[in-house]
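My notes follow in the order I took them.

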Amino acid sequence: MKEESMVKVKEEIDYKSLCRRLDRELDKLTMEYERQQKVFEDDIERLTTEAQHCILEAQQNYSDSLEKERLKYQKDYKESIKRLEEKVMENKKKYEEFCMTSTEEAFVPAEEVVILKKILQRETLLRNAAEGEINHLKNQMAELKMLEASRESDILKLRKMLEDEAHQKEKFKGEIARLQSQLLQLGFEVGKTKQQQQASGNGEKASVAKLFEQGRGLQKILSLLEAEATDARINAVKIVANLSSEETNQKKIVEAGGLTSLLTLLKNSQDETTQRVAASAIANLAMNETNQDLIVAQGGINILSMTAANAEDPQTLRMVAGAIANLCGNDKLQIKLRGEDGIKALLGMVRCRHPDVHIQIARGIANFAKCESKASTQGTQVGRSLLIEDGVLPWIVQNANNEVSLVRRHIELALCHLAQHANARDMISGGAILELVRISRDCSREDIRILARRTLISSPAFQAEIKRLKIDY
C-alpha cells in the first residue's frame, strides 16, 4: 500500500529563488505577527483591566447608592404612613366623640365645624404629599434601572470588542499557517526537481526527507498537522503521506512523532480529505513490522475501526482497509486484531461496493489466514480459525469467484490456508469445499491450484465429503 501525490512541473521556474523569497516574506510576516501579537496582548490586558475596573466600580457605586436611596425612601415612606395612620386614628377618635356629642346636643357649634373642616383639609394635603413622594421614589428607581442598563450595554460593547480582537488574532495565525504550508509545498516541489536532476546527472538519489531538513525540517511539517487552518493541515498531511511512501523516510517520521500525530488527526478530524490522506500515511507506515507494533500500542486498531465505521468515501475506506490488511500480516497481532474489533471493522467495510475497497479487505483476510495457518503448523494455535468464529467464511465463499481478479486471488489463497487445519467441518457445512475443488481445477495460478489440490488430498474429512458428493477432481 503506497499513496503518492505526484508533482508535475509544467514550466521552468527558479524554485530556489522563489523559495528564498517566500522564506524572507515568511520571516518578515512572522516578525510582524510577533510584534502585533505583543501589541495585541498589551491592548487586551489593558482593555480587560479597564473593563473589569469599570464593571467593579459601577457595580459597587450603584449597589451602594441604590441601597442608600432604597433605605432612605423606605424610612421616609414608613414615617409618612405612620403619621397618616396616627392622624386617621386621631380623626376617628374625634369623629366618635363628635357622634356621641351630637346625640346629646341638637346642633354642632359653627366654630367646631370650621375646625373639623380645617383638619380634614390638612389631612387631605398630607395624603396628597405622601402619594407625590411615593411617585417621586418610583421615578428615581426607574432612572436608576435605566442607568444600570446603560452600564451593562457599555460592558457588552467592551466584551464584543475583546471578542473581535481575539477573532482577528486567530485569523492572522491562520494566514501565517497558510503561508508556512505554501512554503513547505514549494520546498517539496524543489526537492522533487533536484531529485530528478541528480538522478539524470550522476545517479545520486537525494532523500526527500534530507531536502526538508535543509529547509524548515520534518518537525515543522508535523507541527502543521495540528494547524487550525484546514488548508495548511491538509497540505502538511499530504507531504507526510508522500514522505511515508519511501521506506527510508518512515523511521524519521515515526521518531519525530509523526505516527502519533497521524493517529490523533485520524481520530479527531471530521474532514474527509484529511481522514483519507492520514489513513494512507498510516497504511504506508504499517508496512513495517516495528511500526505495526507501535500502531497497535497507541490504540491504532480502535482508531482505524472507528474510522471504518463512520467513513463513507470509498477512497478513505480503501486506505483504512489497507492499513488493517497490513496489520493482519503480523502473526503477533492476531489476538489484538480480533479483540479490538479489527476483523469486524474489515468485514464491515464490505458495505462499500467499490472494488478497490474489496481488494484490500480480501488481502487482509488472506494475510490473517496465512498467519493462522503458520501458527497452526508451528503448534502455537489450536482449534477453529478466528476468522470463521467472527463470521467471515460466508463472505469468503460468496466472493471466491469474484469478477475482480485481485479479490478472487486473495480469496483463493485465504481458502487454501483456512482449509489446511481444524476448519474442515466448518468449510464443508459452509460450502467452501466446492470452491476449493473449483480452485484446484480452474485457478489461473498454478501454485494456488497445487496448494488447493494438496489440501483436499491431505484431509480425510474433505476426501470423505468429495466421495459422498461424487465429485471428480
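**Charged pairs**

I began with lysine 251, which counts as exposed at 58% relative accessibility. My classes are buried under 20% relative accessible area, exposed over 50% and partly exposed in between, with a 1.4 Å probe and protein chains only. I am working on a predicted model, where local features need pLDDT of at least 70, side-chain atom pairs count only at pLDDT 80 or more, and totals for chains, interfaces and linings use all residues. Residues are numbered from 1 along each chain as its sequence is written, and side-chain values use heavy atoms, with hydrogens and water left out.

Which residue forms a salt bridge with lysine 251? I found glutamate 255, with the closest N and O atoms 4.0 Å apart. I count a salt bridge when a side-chain nitrogen of Lys or Arg lies within 4 Å of a carboxyl oxygen of Asp or Glu. Both residues sit in helix H6 (residues 247-255), 4 residues apart, about one turn of the helix. Helices here are DSSP runs (H or I, at least four residues), and they are numbered from the N terminus. Glutamate 255 is exposed, at 58% relative accessible area.

I then searched the whole structure and got 14 salt bridges.

Next I checked aspartate 313, whose side chain meets that of arginine 276 in a salt bridge at 3.5 Å, N to O. This pair links distant parts of the chain, 37 residues apart. Aspartate 313 is in the loop between helix H10 (300-310) and helix H11 (314-328), while arginine 276 is in helix H8 (residues 272-285). Aspartate 313 is partly exposed at 22%. Arginine 276 is partly exposed too, at 26%.

I also noted a salt bridge between lysine 374 and aspartate 331, at 3.6 Å, N to O. Lysine 374 lies in helix H14 and aspartate 331 in the loop between H11 and helix H12 (334-339), so the pair ties together parts 43 residues apart in sequence. Lysine 374 is partly exposed at 43%, and aspartate 331 is partly exposed at 35%. I logged one network as well: Glu289, Asp293 and Lys332 are joined by salt bridges that share partners.

**Cysteines**

How many disulfides does the structure hold? I found 0, taking a disulfide as a pair of cysteine sulfur atoms within 2.5 Å. For cysteine 371, the closest cysteine sulfur is in cysteine 328, 8.1 Å away, too far for a bond. Cysteine 371 is buried at 8% relative accessibility. Cysteine 352 is also buried, at 11%.

**Enclosed space**

I looked for cavities of 30 Å³ or more and found 1. A cavity is a set of points on a 1 Å grid over the protein atoms alone where a 1.4 Å probe fits but cannot get out, and lining residues have an atom within 4 Å of a point. The largest cavity holds about 60 Å³ of space. I take volume as the space filled by probe spheres set on the points, with grid points joined across faces, edges and corners.

Which helix gives the largest share of the lining? H14 does, with 4 residues. Helix H14 (355-378) and helix H17 (405-418) each supply at least two lining residues. I listed the lining, including Ala369, Glu372, Gln381, His417, His421 and Asn423. By class, I recorded 2 nonpolar, 8 polar and 1 charged residues. Ala, Val, Leu, Ile, Met, Phe, Trp, Tyr, Cys and Pro count as nonpolar, Asp, Glu, Lys and Arg as charged, and the others, Gly among them, as polar.

Definitions and conventions. 1 Å grid on protein atoms, 1.4 Å probe; cavity = no way out; pocket = protein on both sides within 12 Å on 5 of 7 lines; lining within 4 Å.
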